[in-house]
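Hi everyone, thanks for coming.

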Amino acid sequence: MPSTDSPIPRFHLAVPVDDLTAARRFYGEVLGLEQGRSSETWVDWNLHGHQFVTHLAPGRAQRIHNPVDGHDVPVPHFGLILTIPEFHVLADRLRGAGAAFVIEPYVRFEGEVGEQWTMFLLDPAGNALEFKAFADDSQVFAT
C-alpha cells in the first residue's frame, strides 16, 4: 500500500453495507485492502492511503444507471485511478476471485485524448466500484 505521506490530500469515504462479514471478505480478501479500526457496526480500510469505511446500514436505495459507451454505468460509484499494470493485476485478481463485473475491463477512447482502461463491479452490498487507468496520466482531466 502507498505511504500515507502524500502531497495530495487523502479522502475519507463511508459507504453503507448490509453485511460486515461479506464486506470484510470482499475488501480484505478479494481487493486485498488492509483493515484498520472496526466495531460491530463499521470497518476502516486503507484504500491506497485513503480512509474508506464500510458502515452497517441495512436497506438500500433504488439503483440508478446512466448510459455511457453502450454500457449501463451504476450511479453513484467510486474507485481508484491506477497505473495500467496495476489495473491489469487487479482485473486478474478479481477474475481469480470469481468477481462478477457489471462492466468487463475494456479500453475507452482508444487512440484518442483521455484513452483509459475501465471496469465496474459491485461489492456484496451493491456499492458500485470503478477502477480505471489512463494511457497518459496527464489526461485525467482532458476535455
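A quick word on the ground rules. This is a predicted model, so local features need pLDDT of at least 70 and side-chain atom pairs count only at pLDDT 80 or more, while totals for chains, interfaces and linings use all residues. Residues are numbered from 1 along each chain as its sequence is written, and side-chain values use heavy atoms, with hydrogens and water left out.

Helices (H or I, at least four residues) and strands (E, at least two) are DSSP runs, numbered from the N terminus. Two strands pair if DSSP finds at least two bridges between them.

Let's start with the sheet that has strand 1 in it. Here 4 strands make an open sheet with mixed pairing, in the order 1-4-3-2. Strand 1 (12-17) and strand 2 (34-38) are at the edges with a single partner strand each, so one side of each has no neighbour in the sheet. From one strand to the next, the twist averages 25°; angles here run from 0 to 180 degrees between N-to-C directions, with axes fitted to C-alpha atoms, for helices over the stretch in contact. Strand 1 runs parallel to strand 4 (residues 50-56), with 6 bridges between them. As an example, His 12 has Gln 51 in strand 4 as its bridge partner. Helix 1 (residues 20-30) packs on this sheet and touches strand 1, strand 2, strand 3 (42-47) and strand 4, where contact means heavy atoms within 4.5 Å. Its direction makes about 10° with that of strand 3.

Strand 8 and strand 9 (residues 116-122) are antiparallel and joined by 5 bridges; Val 107, for instance, has Trp 117 in strand 9 as its bridge partner.

Which residues of helix 2 are buried? They're Phe 87, Leu 90, Ala 91 and Leu 94, and buried means under 20% relative accessible area, exposed over 50%, partly exposed in between (1.4 Å probe, protein chains only). On the other side of helix 2, Pro 85, Val 89, Asp 92 and Gly 96 are exposed. The cover over the buried residues of helix 2 includes helix 1, strand 7, strand 8, strand 9 and strand 10.

Last topic: salt bridges, meaning a side-chain nitrogen of Lys or Arg within 4 Å of a carboxyl oxygen of Asp or Glu. How many are there by this rule? The count is 4. One of them joins Asp 69 and Arg 108, at 2.4 Å from N to O. That pair links distant parts of the chain, 39 residues apart: Asp 69 sits in the loop between strand 5 (64-68) and strand 6 (71-75), and Arg 108 in strand 8. Asp 69 is partly exposed at 44%, whereas Arg 108 is buried at 15%. There's also Arg 37 with Asp 44, at 3.3 Å from N to O. Arg 37 is exposed at 58%, while Asp 44 is buried at 8%.
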